[in-house]
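Open the model in a viewer and keep the selection panel at hand.

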Amino acid sequence: MSKEPIYILAIESSCDDTAAAVLKDECVLSNLVARQSIHEEFGGVVPELASRAHQQNIVPVVEMALRKAGVDKSKLHAIAFTQGPGLMGSLLVGSSFAKSFAMALKIPLIAVNHMQAHILAHFIDEVGFDKPTFPFLALTISGGHTQIVKVNDFFDMEIIGETTDDAVGEAFDKTAKILGFPYPGGPLIDQFAKEGNPKAYAFTKPKVEGLNFSFSGLKTQILYFIQKNVAFHPNFIEENKADICASVQNVIIQILMDKLKLAVAQTGINQIAIGGGVSANTGIRKTLKEAEEKYGWKTYIPKFEYTTDNAAMIGIVGYQKYLKQHFESASVVSKARIEF
Ligand code: KG4
Ligand code: ZN
């Protein structure tokens with residue numbers, strides 16, 4: 001007799017995207033994101049506005065996720081939500097909604113760590129995508145994080161390297177701001193880089209011990225480089241946009257690859273999985289794919305929709321926790337900062 005499937009509703013609201021997903025075991029039935037365009041006008045996420053937009057969006061997004069999945073709420077086995085890390089006001093909207101919904105339906109509540117979810121997104125069932133085997137190394141690169149994590153098991157993870165200042169997503173977004181692009185500029189740098197020469201301009205890589213990263217010096221270096229050139233040639237950015245983007249992206253990829261090579265050498269693990277919004281970057285995806293042949297690594301690159309913030313990744317962690325009956329009481333609290 002086949003076992004009864006588990007249906008999980010997942011909510012993600014850690015930053016500026018309100019997301020809901022419905023999973024049937026490890027399969028995603030629906031995965032919706034309401035993006036908040038309001039922040040573009042301010043060149044970054046405004047926490048107060050993000051919380052308000054979450055409040056407006058959460059009910060319709062959840063209703064739509066259930067409808068799209070064709071699952072009635074009475075069939076749900078549990079509600080999973082992002083506990084942290086993230087913006088407190090944003091997290092509170094998701095957690096309060098999840099608590100109320102779970103209490104009304106009399107089903108368990110599951111708290112999920114957003115960064116673990118970026119890593120475990122690789123365990124979603126997807127045709128054409130392999131799942132990593134333990135242990136593997138995860139490179140989590142987002143607007144708030146840059147980490148190399150040794151993943152021993154679903155909930156046994158160890159951060160072996162991380163940024164000492166800015167996250168890699170900030171390096172992309174701050175460079176984009178210097179170039180006059182709207183927020184978040186990471187995807188635009190990626191787009192322009194495709195037409196440019198990655199060796200047009202040389203930027204120096206920061207010297208950071210071990211497996212840690214630093215991106216704030218690079219940002220300053222780029223700022224001075226642009227200011228100096230614009231002073232002599234006011235159209236410098238406009239005329240060299242593609243080459244500037246390709247060169248900046250190239251140095252960022254080199255920094256990430258140097259540390260990954262060191263991590264592989266130190267741990268003896270050559271399975272690499274990437275996660276987080278910046279892993280949507282075409283250059284990073286291509287370089288990692290090439291590393292399979294070049295260094296004999298096995299690399300795992302998630303489906304595009306599971307890279308930037310989404311609720312399907314919260315749902316897959318929810319499913320794993322459901323199997324372990326790892327539930328929370330209604331007094332569970334949101335955490336702006338949270339380790340593994
Ligand atoms: O994981 P995420 O959606 O949100 C956070 O938890 O931070 O990551 C957002 C970050 C932003 O910095 C955005 O510019 C960056 O991911 N990003 C990209 C690309 N797509 C998103 N950076 C470079 N290339 C991309 N294609
Ligand atoms: Zn994220």
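A polar contact here is a pair of N or O atoms within 3.5 Å; within protein, one must be able to donate a hydrogen and the other to accept it, and residues adjacent in sequence count only if both atoms are side-chain atoms. This is a predicted model, where local features need pLDDT of at least 70 and side-chain atom pairs pLDDT 80 or more, while totals for chains, interfaces and linings use all residues. Residues are numbered from 1 along each chain as written, chains are lettered from A and ligands numbered from 1 in the order written, and side-chain values use heavy atoms, without hydrogens and water.

Select ligand 1 and the side chain of Asp 173: an oxygen atom of the ligand is 2.6 Å from an N or O atom there. On its own ligand 1 exposes 550 Å², and the protein buries 89% of that (Shrake-Rupley areas, 1.4 Å probe).

Next, show the shell within 4 Å of a heavy atom. It holds 19 residues, and Gly 143 and Gly 277 are among the closest.

Now select the zinc ion (ligand 2). Its donors (N, O and S atoms within 2.8 Å of the metal, or 3.2 Å for Na, K and Ca; water is not among the atoms, so sites may look incomplete) come from His 114 (NE2), His 118 (NE2) and Asp 309 (OD), at 2.1 to 2.2 Å. In sequence they are spaced H-x3-H-x190-D.

Finish on His 118: its side chain also has an N or O atom 3.4 Å from an oxygen atom of ligand 1.
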